[in-house]
Amino acid sequence: MEAALIWEWVIKSLILIFIVLTGFAYTTYLERKELARMQVRIGPNRAGPWGLLQPVADGIKLIFKEELTPAEADRTLFFLAPIITVIPALVLMAVIPWGDTATLGGREVTLYLADLNVGILYLAAISSIAVYGIVLAGWSSNNKYATLGGLRSSAQMISYELAMGLSFVVVILLADSMSLLEIVKAQAGLWFVFIQPVGALVLFITLLAEVNRAPFDMPEAEQELVAGYHTEYSGMKFALFFMAEYGKMIVVSAILATLFFGGYLGPGVDRLPWLGPLYLGLKIFVALFVMIWIRATFPRIRYDRLMAFGWKVLLPLALALVFITALGIMLEQMWLVTVLSLIAGAVAALMVNRALRRKEYAR
Amino acid sequence: MAQLDFYTLLPTVVLMAWASGLLIADLFIPRDRKAWTAGLAALGLALALGLTLAQIGRTGTGFAGMVTLDPFAVLANSLLLVSGLLAVGLSFGYLRRRDIDRGEYYSLTLFSVAGMMLMTQAADLIVVFLALEMFSLPLYVLAAFARPQPDSEEAGLKYFLLGAFSAGFLIYGIALVYGATQTTALAGVVTAVATGTASLPLLAAGAGLILVGLGFKVAAVPFHMWTPDVYQGAPTSVTAFMAAGAKIAGFAALMRVFVQAFPVLGEKLTPILWTLAALTMFLGNLVAIAQSNIKRMLAYSSIAHAGYILMALTAYANPQMRQMAVSAALFYLLAYALTNFGAWGVVAALEKQNGGGLELNDYAGLGRKSPALAAAMTIFMLSFTGVPPTLGLIGKIYLFRVTVEAGFIGLAVIGVLTSLVSAYYYLRVVVVMYMREGEPEASMDGWHKAVIALSAALTVLLSLAPAALFSLVSGATLLF
Amino acid sequence: MLEYIAIAVLFLIAVVLAALIVFLGEIFGPRHSTPRKAMPYESGMRPVGEGRRRMPVRFYLIAVLFILFDIEVIFFLPWAVTFRKLGLFGLVEMFIFILILLVGYVYAWKKGALEWE
């Protein structure tokens with residue numbers, strides 16, 4: 001029994017890592033194809049049919065690239081930083097439920113690696129570890145661009161983490177549990193996005209900032225910082241940063257889907273539990289598509305505005321959402337939550353609009 | 001129940017809320033109207049004082065025995081609030097003159113006073129620690145308030161580092177006490193000792209470390225090193241508040257913790273306290289002689305006065321003497337606080353805008369130039385020395401009587417001798433003021449004058465009729 | 001407890017994988033380091049001064065504010081789980097807690113701690 005359990009964990013872990021790795025590879029492909037389509041280009045089309053082998057070719061190329069270490073870099077940290085960055089992206093997957101339980105070869109199998117009773121705390125804790133990798137990468141390179149990129153990135157991530165944590169609180173309030181499985185089950189009647197649409201939006205925005213995606217990709221703003229914290233990285237170490245970024249994109253899509261969009265839930269999933277992973281995969285794909293779409297559409301936000309948005313708009317808004325949700329739960333009037341939070345969101349949008357029209361910004 | 005909890009802490013809670021509100025209100029008060037902030041701060045202190053006075057005669061505990069309300073706390077709190085009011089009165093004109101009239105000053109003062117008030121009511125070591133941090137953190141900022149002047153920044157940093165260091169001692173002592181008795185409640189410590197479950201050596205070690213931690217705050221030798229530099233570097237109005245407030249709060253905590261929780265350790269702690277008191281009086285008074293800067297001199301004098309109060313505390317473990325020791329210490333604290341505000345007020349008045357005017361020689365000719373100010377300063381110096389007709393004399397006599405009655409005649413002799421030594425440097429100020437020629441310039445606003453006048457008047461008048469004060473402090477019992 | 005062992009298994013595999021990927025590059029990649037290649041990249045210019053210089057104090061301020069508010073958020077989590085049991089009392093208590101924090105927030109905002117430039 002013990003041995004079987006351990007093998008089950010190992011197999012599940014391998015599957016999760018496999019999902020993130022292939023997902024990472026094909027998210028880059030998806031991004032290039034989608035961006036190309038939106039910019040009326042063709043995108044990768046040489047390696048394999050429709051360019052499908054492009055990620056493989058990229059990977060092989062990177063293996064045979066020279067690894068450079070700048071002369072005055074802190075070698076240990078320079079070596080460790082990409083590893084520290086990539087591990088959270090892989091480990092975060094552990095608590096995402098892909099389904100309830102299914103039978104496989106006569107054996108009851110849970111479709112998640114671990115269902116922590118403090119699942120959300122785990123997400124918050126692990127996702128903030130990635131900041132270390134990034135700031136260490138920037139610092140250890142002994143490069144001005146890299147240092148500044150690392151600092152900007154960490155400041156941005158911690159600023160948006162506050163609103164992220166508060167939107168987690170909204171979900172906990174609605175589900176009355178911190179276990180992700182319980183949270184998904186609580187959405188069986190109605191997805192939380194319909195109760196608390198603004199909360200879902202806030203979470204989406206903060207998650208974008210958390211993975212440094214456009215329009216929050218300030219740390220890698222190539223016009224000013226070359227490539228930000230990974231300016232000095234090349235070869236497979238660079239690939240690890242890339243992997244962390246795209247792996248985290250997948251993970252945060254999964255988090256978003258789990259917390260607000262019903263996770264693995266979908267029609268018929270009660271009778272056929274194996275549909276769960278399919279539904280979640282679909283939701284992740286949609287979220288990824290939207291993220292890339294946003295990159296193709298929106299220009300990058302200036303850094304001072306980015307910080308101001310996080311501290312002056314998202315934080316108070318998320319705080320208001322928490323209280324609105326708590327109030328609705330206490331009065332047992334869920335429609336109140338929806339209405340009030342939409343009003344709060346509209347007020348916040350108006351404030352942003354007014355601030356942008358102010359003269360001092362028109363520089 | 002919950003209301004009763006809050007009632008025990010009502011003045012503190014109101015003051016905290018007021019300080020928070022003031023912090024926000026000040027943001028909307030333009031720089032040239034900071035008088036509003038000062039006025040609001042004084043109003044808050046007065047309100048808290050009123051609430052405190054309304055608590056006279058009430059007793060009780062709150063928050064599951066974490067805080068207590070007794071006559072001792074009421075008296076100490078009133079003293080702290082009056083100190084706060086005097087400090088605000090001194091500050092406004094002074095800050096404006098030094099061009100550091102930022103509104104946070106008053107909020108920080110209020111926060112600090114609230115922390116000190118919590119300290120006098122703490123019936124649990126954890127609350128002692130919390131209160132210590134609560135009143136210390138604003139003081140660190142206040143000490144550095146004359147930013148960007150290097151002296152003041154140095155004072156703030158020094159005070160912060162050593163304060164953090166001493167807080168470490170305190171918390172470590174609390175941990176040891178907890179290890180010895182499995183409780184941090186003062187009453188619980190006594191119970192644990194009585195039932196024999198406590199480990200006495202561990203408890204003694206814990207008490208010793210707590211003594212070190214609080215010794216830093218009251219500036220007892222050998223934990224006094226920060227005092228001269230901090231008192232000198234901090235803006236003078238802050239120094240005045242710090243010298244009085246931190247001492248009152250520190251001694252209040254010392255008295256409550258030691259008298260309530262550690263009477264069983266009397267045998268072990270009495271020699272330590274004896275040595276500390278003797279060292280503090282000796283060193284404070286001797287080093288003060290060598291100072292030519294008036295702020296440093298007063299700093300060493302404040303160390304010396306901590307020694308006198310410690311002298312009374314030496315007798316804390318004796319059940320017959322306990323209440324007298326506490327009363328004598330309170331009386332002396334009261335006398336010291338009044339005199340202290342007056343003396344620092346004079347120093348602040350003579351300080352020039354560039355931070356000069358603090359040398360003893362700058363006081364030459366004050367007797368002719370502004371006789372009233374010189375007369376006031378003379379009264380304060382006499383009171384510090386312990387010469388009639390001042391409150392300082394009565395306080396010292398009370399202290400010596402308690403010490404002698406408790407059987408520490410040697411300590412009392414040291415006290416008297418060092419007092420004689422102190423006459424040299426205190427009276428030197430008087431001599432310089434009246435017998436040397438000079439052109440000192442004093443500048444102060446009405447409130448500043450009022451504070452000095454009030455201190456001087458009270459120092460003299462109260463000494464003429466000390467009976468009322470005696471009954472006041474002997475009624476200030478510690479309840480446990 | 002079992003869940004955490006499961007996560008530990010995943011963590012171990014992730015560490016091994018990450019290390020493996022780095023070593024893959026170390027093994028197969030060519031190494032012809034020259035002084036020019038090892039120079040910090042500054043768009044072809046010769047770098048002036050240290051790469052790690054003193055950072056703007058703004059970042060420090062943001063970090064301090066973050067600690068304050070992050071603790072607030074962490075305090076929210078257990079509150080949220082037990083909110084249905086606490087009811088109105090919980091809501092009011094949390095409101096007071098937030099009110100105190102808001103004082104600091106408004107202060108920091110008005111003092112310009114949240115501004116850049």
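Me: How do the axes of α5 and α12 of chain A cross?
Reply: In this predicted model, the axes of helix α5 (residues 144-175) and helix α12 (residues 303-331) of chain A come within 9 Å and cross at roughly 10°. Axes are lines fitted to C-alpha atoms, for helices over the stretch in contact, with angles from 0 to 180 degrees between N-to-C directions. Helices are DSSP runs (H or I, at least four residues), as are strands (E, at least two), numbered from the N terminus.

Me: So which orientation is that for α5(A) and α12(A)?
Reply: That crossing makes α5(A) roughly parallel to α12(A), a term for angles under 35 degrees.

Me: What do the residues of that contact divide into?
Reply: The contact of α5(A) with α12(A) has 20 nonpolar, five polar and one charged. Asp, Glu, Lys and Arg count as charged, Ala, Val, Leu, Ile, Met, Phe, Trp, Tyr, Cys and Pro as nonpolar, and the others, Gly among them, as polar.

Me: Changing topic: which chains share the most contacts?
Reply: Chains A and C do, of the two pairs of chains in contact. There, 65 residues of chain A are in contact with 53 residues of chain C; contact requires C-beta atoms, placed from the backbone, within 7 Å.

Me: Which helix gives the largest share on the side of chain A?
Reply: α5(A) does, with 13 residues of the side that touches chain C.

Me: And what is the secondary structure of chain C?
Reply: Chain C has five helices and zero strands.

Definitions and conventions. Residues numbered from 1 in each chain as written. Chains lettered and ligands numbered in written order. Predicted model: local features only at pLDDT ≥ 70, side-chain atom pairs only at ≥ 80, totals over all residues. Parallel < 35°, antiparallel > 145°, perpendicular 65-115°, else oblique.
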